[in-house]
Structure formats: C-alpha cells, structure tokens
Amino acid sequence: MSNFLKRAAHGAAVPHEKRTSNLETVVMPLPSKIVLSMSQHIGAPAAPAVKKGDQVYVGTVVGKAGGFVSSDIHSGVSGKVDGITTIIGSNGSKQTAVVIIPDGEQTPDPAVAPPEVTDLKSFQDAVRASGLVGLGGAGFPTAVKLAPKNLDEIDTLVINGAECEPYITSDNRCMIEDTHFIFSGIKAVMKHLNIAKCVIGIEGNKPEAIAKMKDAIDAPGIEVKTLACRYPQGAEKVLIENCTGREVPFPGLPSDVGVIVMNVTSVAFVGKYLETGMPLTTKRLTVEGDIIKEAKNVEVIIGTPIQELLDFCGGLTDEPGKVLYGGPMMGTCVADLSQPVLKNNNAVMAFSKKWAHLPKQTNCIHCGRCTNACPLGLSAKEIVQAYQDGNVDLLKELNADLCMSCGTCSFVCPAKRPLAPSIALAKIMMKNGGKK
C-alpha cells in the first residue's frame, strides 16, 4: 500500500464561505449553567471528581482522566455543582456529565499557576494537567501525542492552519489574534521534544493570517507554507504530504515519518497555558449558517448549552433543519439544543430545512469521480457495494478503514449517493466482525 497518499492534490473545490473571517472574536457572557461531559476526548472517559453541592472555581478539576489515553475536565466557572447526570452524546452514546451553576464571581481556583517546566517530562506533565486535547476536531489527548515512542526520530512539527471546512474561521482568528501564543507554544514544543523544524500550513485564502504569521517568525527552523485551497487540505495525512513531501504509510501514524501534527489552536493553547496556568476551559467557535441572525466568532465557556450560544448570536431566523458541531463536511449533528459546547468544537452551524434537505439520489453511473477525488485514493463505490453485500474480506482488501470521513466522495457524486455515511457504517461493520 505504498502509493495511497500520493493523491493529496486531489480532493474537491468545496465552497469556502468564509464570511466571518474579518469578525473579531467576542466573549460570550456567563451562561445559566455549564454541562461538562466526561467524554470530550478520544479514549477512556474522565471520572467525576466532585459531587452535588461542591464549590468549584475557574480551573477546578471536576473530572479526572480515566487512563493514559484520557483527559482531565476543568470547570470554566466558579459556582456550585448542581449534580451528576447522564446526557446523550452526538454519537448516540450515554455520557456522564457534571452540571455547574455559576455564582457570577469567576473566582480562579487557588491551584491555578503557571507550571514549572524544566525538561521533557515536566513539559508533558504540564500539557496533561492542562486538559488539552486536539482542538481541530479530533479530540485526541495532546499529552499522548507529545510522547511518541520514537521521539528520537521526530524531526518536524507540522502546524495545521489550513482550516479547509466551509464557513469555519475560528482558526483564522486564532492566527490573527493569538499570534504570540502560537509561536511561544511552537517554540516550547520544539525545545522540549528537540524538534529542529516546524512547518505552518495555511490555505491561501487567509492572506491576513499568512502575513501575520510570517511577520511573527522569530526563531530558526520555522516556516509558513501557503497551501492550495482544496478540501480536505487540513486532513492530517494530506497536510503532512503537502507540507513535507512525506507519505504516511498504511497502517501508520505521522510519527512513522518523523512528524508530529498539531492544530494551530492547540499549539496556541500550549503557549497560553505555560504563561498563565489556566487549564482548558473556553473555546473560540465560529457560529454560522443561513438561519443564524448574527454570525460571529465567539469565545465561549466549555459546557455552555448550544441554545444559549445561539441566543447570544441573536437566535435563529427560521426553524432549523440541521444544527451541527463543526462544519458541513465533517460536522456531527446536535440532536438537542440543550447539548453543551465541547472541548474539540471549532464551530456550531445552523441550517434551514431548505439548506439541510438531502437531494434525491439516483443510481451510480460509474463515473469514477468519487475515486478520483478521494485524497487517499479509495474506491468509494466499491466499498459501499461491499458493505451492502456484507463482504468484510473485500472491505479489508479495499482498505475501507483508511477512510477519514472527509465527505469528499459524497460531495462530488453526481448521483448524490450518501457514500461517506455508508462507508462509516462499513467501518462499524468491520469492527463488529461483519454485523451491520
């Protein structure tokens, strides 16, 4: 499988719709409550570390990591724990959550202080204590990413500033507004992991961010690379190939080709945490869509109910057909507007029934567009057929589990077939040993 990723120039000319790119981030006032899911990351859920009636402060640990691949959860408000409850996540799973009622004081936890970082271990420990997970959407605990088994082979840090999803501009605002923290975070990672080179990849439709980042380079080994505006430019394997020329093997990880990838917002948080000691309690989100009254880039406390975030943006102008965590290509549905903002959210989108309406699908015409557009060179139509036939062996042969669910195949399909969702179901079938 050596040539799978030599197709990164493919993809789709997805509309950018970056209408909020020039809107400065505004801070949302305190919500009426925050609901902190213990499952805001890949890996084991956190375990509640508080009980009903407990007093908490901004930065208090309310959920302890449930294992090595897990993450602490911190309160973004000072106030009282209203209870421990169960919510339904966007993937349909039942999740434990801590509900906190703010007292309006926003008193910092006395334990909040800049970490003492002197070497690699203390740096990794600090990142773990911060509660940081991949903020570009993946939600993988960052401390684990920064502890690769082959650290001596890592020579390049790639920063993902592509932000190729339509509508979303929160990373763009991060690059413009938090430039200092980005570079202090980059230099900390390079120093403590002994990485000599850093490439910051940014799509060419962000000229202000590109100029700001280039002007801010103040250390050797760091460069900004302008990338083609082609979805999914920000996908990890695609980004690595286009920034370094290296192909991540299948199966394999970025570390296998000497690379660590971090989202630009994640590395900015590292820089900010090292200076302030305040753990991950807020997120910058783009709130957009055809029925959002006032589209904004918003700094919001993690755990804020989606309904209150939408109200802050003037509410909705029509009944929603679909509300999403994230963008229209890879976002997940918000089943209920009482659902909370999560650590790895970078946007909330609200679309009318007209915009969310699925077009009528017709029969496959075997045009091959799905295969030609796939950045990983997969044959979507063959994978979907194998799934429909229940042929797990063929799914393995077709490398269906390599699919990153970018949605490019569905976007380019002239027959409007739901290829990406079908492949997601195929991956579940493979995991379940053939059971749909």
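The structure is a predicted model, in which local features need pLDDT of at least 70 and side-chain atom pairs count only at pLDDT 80 or more, whereas totals for chains, interfaces and linings use all residues. Residues are numbered from 1 along each chain as its sequence is written, and side-chain values use heavy atoms, with hydrogens and water left out.

Lys 64 forms a salt bridge with Asp 72, the closest N and O atoms lying 3.4 Å apart; a salt bridge is here a side-chain nitrogen of Lys or Arg within 4 Å of a carboxyl oxygen of Asp or Glu. Side chains of opposite charge can pair when their charged atoms come close.

A further salt bridge connects Glu 177 with Arg 284, the closest N and O atoms being 3.3 Å apart. This pair links distant parts of the chain, since Glu 177 belongs to helix α3 and Arg 284 to strand β13, 107 residues apart; helices (H or I, at least four residues) and strands (E, at least two) are DSSP runs, numbered from the N terminus. Glu 177 is partly exposed, with a relative accessible area of 32%, whereas Arg 284 counts as buried at 13% relative accessibility. Salt bridges that share partners join Arg 173, Glu 177, Asp 178 and Arg 284 into one network. Helix α3 is largely enclosed by the rest of the structure, because seven of its eight residues are buried; these are Ser 170, Asp 171, Asn 172, Arg 173, Cys 174, Met 175 and Ile 176.

Helix α3 and strand β13 also contribute to the second largest pocket, for which the elements giving two or more residues to the lining are α3 (170–177), α7 (264–276), β13 (282–288) and β14 (296–301). On a 1 Å grid over the protein atoms alone, a pocket is an open set of points with protein on both sides within 12 Å along at least five of seven lines, a cavity is a set of points where a 1.4 Å probe fits but cannot get out, and lining residues have an atom within 4 Å of a point. The pocket has a volume of about 400 Å³, a volume being the space filled by probe spheres set on the points, which are joined across faces, edges and corners. Of its 22 lining residues, Phe 269, Lys 272, Thr 282, Lys 283 and Glu 299 lie nearest the centre, and the largest share of the lining, five residues, comes from α7. By class, the lining of this pocket has ten nonpolar, six polar and six charged residues, with Ala, Val, Leu, Ile, Met, Phe, Trp, Tyr, Cys and Pro counted as nonpolar, Asp, Glu, Lys and Arg as charged, and the others, Gly among them, as polar.

The cavities of 30 Å³ or more number three. The largest cavity has a volume of about 120 Å³ and is lined by 14 residues, of which Cys 374, Leu 378, Cys 403, Cys 406 and Cys 409 lie nearest its centre; its lining divides into eleven nonpolar, three polar and no charged residues.

Conventions. Buried means under 20% relative accessible area, exposed over 50%, partly exposed in between (1.4 Å probe, protein chains only).
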